[in-house]
Amino acid sequence: MKLLVLPGDGIGPEITEAALAVLDRANSRFKLGLEWQIMDIGLATLNTVGSTLPESVMEAARRAPGIILGPVDHLQYPAREKGGINPSGELRVKLDLFANIRPAKSRMGVGLTGRPVDLVIFRECTEGFYADRNMFSGRGEFMPTQDMALAVRKVTARQCNRISRVAFDWARKRRKKVTAVHKANVLHLSDGLFLREVRKVAQEYPDVALDEKIVDAMAALLVRDPSKFDCIVTGNMFGDILSDEASEISGSLGLAGSTMAGDDACCAQAQHGSAPDIAGQDRANPTSLILSAAMLFDWLAARHRRPEFEQAAHAIEAAIDSSLKDAGTRTADLGGKLGTRAFATHIAGLLG
C-alpha cells in the first residue's frame with residue numbers, strides 16, 4: 001500500500017519528515033507493508049511549474065488509499081488564476097472529503113481550564129462560507145463595486161446529513177452524546193436546514209442523546225466546562241473556529257490531530273498552520289501531524305479490514321501520551337528541550 005505524502009510549506013517539510021520517521025518504525029514493527037510517494041506542492045511547485053497543486057499531484061491523490069498533507073501557507077499564494085490553489089480545500093472538494101474530524105484531548109493531565117478535555121468536533125468542510133470551494137464555478141464571494149463585498153453561504157441537506165451521520169456513528173462508540181452547534185436564531189433558513197437534517201439522523205440513533213447549542217453560547221461553554229461535551233457536529237466556519245478553541249483549551253493546537261475523510265478516501269492533516277517564522281530551525285512540534293497520521297491508520301484499518309493498522313495507531317498515540325507526560329521529552333513549545341527530529345526519534349523509539 002502506497003500513501004501519498006505532500007510536505008507543504010513552512011514547517012511542513014520538517015514535521016512531515018519527523019512524522020515519517022515515526023511511521024517508518026510503526027510500518028516495520030506492525031508489518032503494515034507501506035510505501036511513501038512524496039510529491040511537492042505549495043510554494044515549491046508554484047515556483048517551478050506555476051501551480052501550488054499540479055494536476056500530477058491530483059492524479060496521484062485520486063489513486064492513493066490515503067494522503068498525508070503537511071501545512072500550507074495559502075495566505076501567501078497568488079490568485080487561483082495565477083496558480084494559487086489552496087491544496088487543502090481542493091482536495092476536500094475533488095476527493096469528496098466532507099468530514100473534517102478534529103479530536104481535542106488533554107494529553108498532559110487536565111486542559112488549560114483546569115478540567116479534562118476529551119471531545120471530537122465534526123466539521124462539514126466542503127461548503128458554508130468558504131468561498132474557495134463552495135461553488136461549482138467561480139467563487140462564493142464577489143464585489144459589485146469597489147466598496148461592497150458580498151459572500152454566499154452554501155448549505156445542502158445532503159452534506160448536513162452526511163456529517164451528522166459520521167458524528168452519530170462516533171458517538172455510539174464513545175459516550176453517546178452529540179451536540180449540534182448552529183446559529184439558527186439568525187440564519188433561519190441555512191442553519192434551520194442543518195438542524196432539520198441533524199434531527200432526522202438522530203431519530204435513527206435512539207441510544208445517542210442529541211443536544212443543541214447556539215454557536216456563541218458554545219464558545220463560552222467550552223471554556224467553562226469542556227468535559228460536558230463528547231461529539232460536536234457543525235458547519236464549516238463554526239467547526240473551524242470551535243476546533244481551534246477546543247484544541248487550545250485541551251493543551252495546545254500543536255497537539256491536535258485532524259483528518260479529512262470521505263466514504264472512499266482520507267487525508268491526515270495537521271490542525272495548525274505552516275509557521276514560516278520558525279521554518280528550518282528544528283523547533284516545530286510534529287505531534288499534530290503524527291497524531292493525524294495515526295487517525296489515518298484507524299481509517300485504513302476500518303476501510304480495508306486491517307487490524308494491524310489500528311494496533312499501530314493505538315501504539316503511536318500511547319507513545320505520544322507517554323512522552324508528553326515528562327517535561328524532559330517534550331518539544332520546546334511545551335517547556336521541553338527536544339527539537340523536531342529528536343522528538344520524532346524518541347517517539348519512534350517508544351514503538352520498539
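This is a predicted model: local features need pLDDT of at least 70, side-chain atom pairs count only at pLDDT 80 or more; totals for chains, interfaces and linings use all residues.
Which residues does methionine 237 touch, once its neighbours within four places in sequence are left aside? They are Phe129 and Tyr130. Glutamate 127 is another residue to look for here: 110 residues separate it from methionine 237 along the chain, yet their C-alpha atoms are 9.2 Å apart.

## The sheet

Now to the sheet. Ten strands build an open sheet with mixed pairing, and their order is E2-E1-E3-E12-E11-E4-E5-E10-E8-E9. Strand E2 (35-38) and strand E9 (209-214) are the edge strands; each has a single partner, so one side of each has no neighbour in the sheet. From one strand to the next, the twist averages 25 degrees.

For a look at one pair, find strand E3 (residues 67-69) and strand E12 (residues 266-269), which run parallel and are joined by three bridges. Within this pair, isoleucine 67 has cysteine 267 of E12 as its bridge partner.

## Helices on the sheet

Helix H9 (residues 287-304) lies across another set of strands: E1 (2-6), E3, E4, E11 (259-261) and E12. Relative to E12, helix H9 runs at about 165 degrees.

## A hairpin and a nonpolar patch

Next come two strands that form a hairpin, E6 and E7, with two residues between them. Strand E6 covers residues 141-145 and pairs with E7 in the antiparallel sense over three bridges. One of the paired residues is threonine 145, whose bridge partner in E7 is methionine 148.

Where is valine 152 placed? It sits in the loop that links strand E7 (148-151) to helix H5 (157-173). With a relative accessibility of 33%, valine 152 counts as partly exposed.

Valine 152 also belongs to a nonpolar patch on the surface, together with Met135, Phe142, Met148 and Leu150. The accessible area of these residues together is about 390 Å².

Key
Residues are numbered from 1 along each chain as its sequence is written. Side-chain values use heavy atoms; hydrogens and water are left out. Patches are made of residues with over 30% relative accessible area and no salt bridge: like charges are joined within 9 Å, nonpolar side chains (Val, Leu, Ile, Met, Phe, Trp, Tyr) within 5 Å. Accessible areas come from the Shrake-Rupley method with a 1.4 Å probe; for residues, only the protein chains shown count as cover. A salt bridge is a side-chain nitrogen of Lys or Arg within 4 Å of a carboxyl oxygen of Asp or Glu. Helices (H or I, at least four residues) and strands (E, at least two) are DSSP runs, numbered from the N terminus. Buried means under 20% relative accessible area, exposed over 50%, partly exposed in between (1.4 Å probe, protein chains only). Two strands pair if DSSP finds at least two bridges between them. Axes are lines fitted to C-alpha atoms, for helices over the stretch in contact, and angles run from 0 to 180 degrees between N-to-C directions. Contact means heavy atoms within 4.5 Å.
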